[in-house]
Amino acid sequence: MFVGVTHGIDMLTCDNQSSRVISVDDDVDSLSVCDNLIYTLIFKPENDSSGSWSVRVYGSDYQLVRSWRHSERLSLFNQLAVRKDSVFVPDRESKTIVQYSLTGEVERRIPCHVLKDAVARLCATSSCRDTAIVSCGDTVSCIDVSTGDCVWSNDSLEKPTAVCCDDADRVYVAVGGKCATIHIAVLDGDTGTAVLLLFTLSETICRCTEMLFAVDSMSDLSTGSEVRIHIASQCCRFLVLSNISLCWRCASSFCILVVKFMLTAEVYDSLKNLN
């Protein structure tokens, strides 16, 4: 597992060992691994409210392969997504999602009017859909990246703090807000409706605006399967309210919580109906 942290990228092993594999002078806000390359979105602060962004690509030997500038200047957290042969990065100042080639050429700017001066999260759905999930402020939206149309938008979630997709295009959202109970909810990928609450965590002294998570592949799961969700956050501790097991990992200032739970028949049927 790779974790982007201040001034670098740490690699976490299964035995909870952490080592710095890439060092940079600035903050790694986001990373994605595709075809043995590590794509990173890096922010270089210049003052309290602005700075410069760049996309840097590293090889399997952790050496820099290529890099390019991203035009935005806002200092708030941003996130890239890699899909097919493109890299997508929100530009909140122009209210667009910039689509780059894998070598950094701007292919087009996709209108995305849900973007605003707030923390932005982005995840791309699988190659069978030309859509991306955008979370900005209190709204989670699905954007058709071929047309720029908003497929659906959900502004009823309480303080969404992280978003990801699985390989079946189900959308997972962490909701709850700063210093409050965190819920992991599942949205219908076609409508954006919240249809399932997977589990609940109560956390303390947590900067939820710096929270990220990823869900294991769920394509071949069945009732009784174990599901793992990896949650990364700058937090002191988690108190689990649900009947699930835990595993801790640490990387610099980040805590990695691996949440394991068994799929009940009820949860399995709900997830299957979203395929």
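This is a predicted model: local features need pLDDT of at least 70, side-chain atom pairs count only at pLDDT 80 or more; totals for chains, interfaces and linings use all residues.
Me: Which residue does the side chain of Arg109 meet in a salt bridge?

Reply: A salt bridge is read from the distance between a side-chain nitrogen of Lys or Arg and a carboxyl oxygen of Asp or Glu, which must lie within 4 Å. Here the side chain of Arg109 meets that of Asp91, at 3.2 Å from N to O. Distant parts of the chain are linked by this pair, with Arg109 in strand E9 (residues 106-111) and Asp91 in strand E7, 18 residues apart. Asp91 is buried, since its relative accessible area is 4%, whereas Arg109 is partly exposed.

Me: How many salt bridges does a search of the whole structure find?

Reply: The search finds 6. Another of them joins the side chains of Arg73 and Glu46, with an N to O distance of 2.4 Å. Arg73 sits in the loop between strand E5 (64-70) and E6, and Glu46 in the loop between strand E3 (37-45) and E4, so that 27 residues separate two distant parts of the chain. Both partners are partly exposed: Arg73 has a relative accessible area of 30%, and Glu46 reaches 47%.

Me: What does the salt bridge between Arg56 and Asp26 tie together?

Reply: The two side chains meet at 3.6 Å, N to O. Arg56 belongs to strand E4 (residues 51-58) and Asp26 to strand E2 (residues 18-34), so the bridge ties together parts that are 30 residues apart in sequence. Asp26 counts as buried because its relative accessible area is 9%. The pair also belongs to a network of salt bridges that links Asp26, Lys44 and Arg56.

Me: Where on the structure do negative charges gather?

Reply: They gather in a surface patch made up of Asp35, Asp85, Glu105 and Glu107. Asp85 is placed in the loop between strand E6 (81-83) and strand E7 (86-91). With a relative accessible area of 56%, Asp85 is exposed.

Me: Which residues are in contact with His70, leaving aside its neighbours within four places in sequence?

Reply: A contact is read from heavy atoms within 4.5 Å. His70 is in contact with Trp53, Ser54, Asn78, Val89, Pro90, Asp91, Val98 and Tyr100. His70 lies in strand E5 and is buried, because its relative accessibility is 1%. Its C-alpha atom is 9.4 Å from that of Ile42, a residue 28 places away along the chain.

Me: Is Ser135 buried or exposed?

Reply: Ser135 is buried, given a relative accessible area of 2%. It occurs in strand E11 (residues 131-136). Beyond residues up to four places away in sequence, Ser135 touches Val119, Ala120, Arg121, Val140, Pro160 and Val163.

Me: How many helices and strands does the protein chain contain, and what percentage of its residues count as buried?

Reply: The chain contains 1 helix and 22 strands. Of its 275 residues, 54% count as buried. Among contacts with a separation of 6 or more, 43% come from residues 24 or more positions apart. The accessible surface is about 12,100 Å², and carbon and sulfur atoms account for 48% of it.

Notes
Residues are numbered from 1 along each chain as its sequence is written. Side-chain values use heavy atoms; hydrogens and water are left out. Patches are made of residues with over 30% relative accessible area and no salt bridge: like charges are joined within 9 Å, nonpolar side chains (Val, Leu, Ile, Met, Phe, Trp, Tyr) within 5 Å. Accessible areas come from the Shrake-Rupley method with a 1.4 Å probe; for residues, only the protein chains shown count as cover. Lys and Arg count as positive and Asp and Glu as negative; His and the chain ends are not counted. The place of a charge is taken as NZ of Lys, CZ of Arg, CG of Asp or CD of Glu. Helices (H or I, at least four residues) and strands (E, at least two) are DSSP runs, numbered from the N terminus. Buried means under 20% relative accessible area, exposed over 50%, partly exposed in between (1.4 Å probe, protein chains only).
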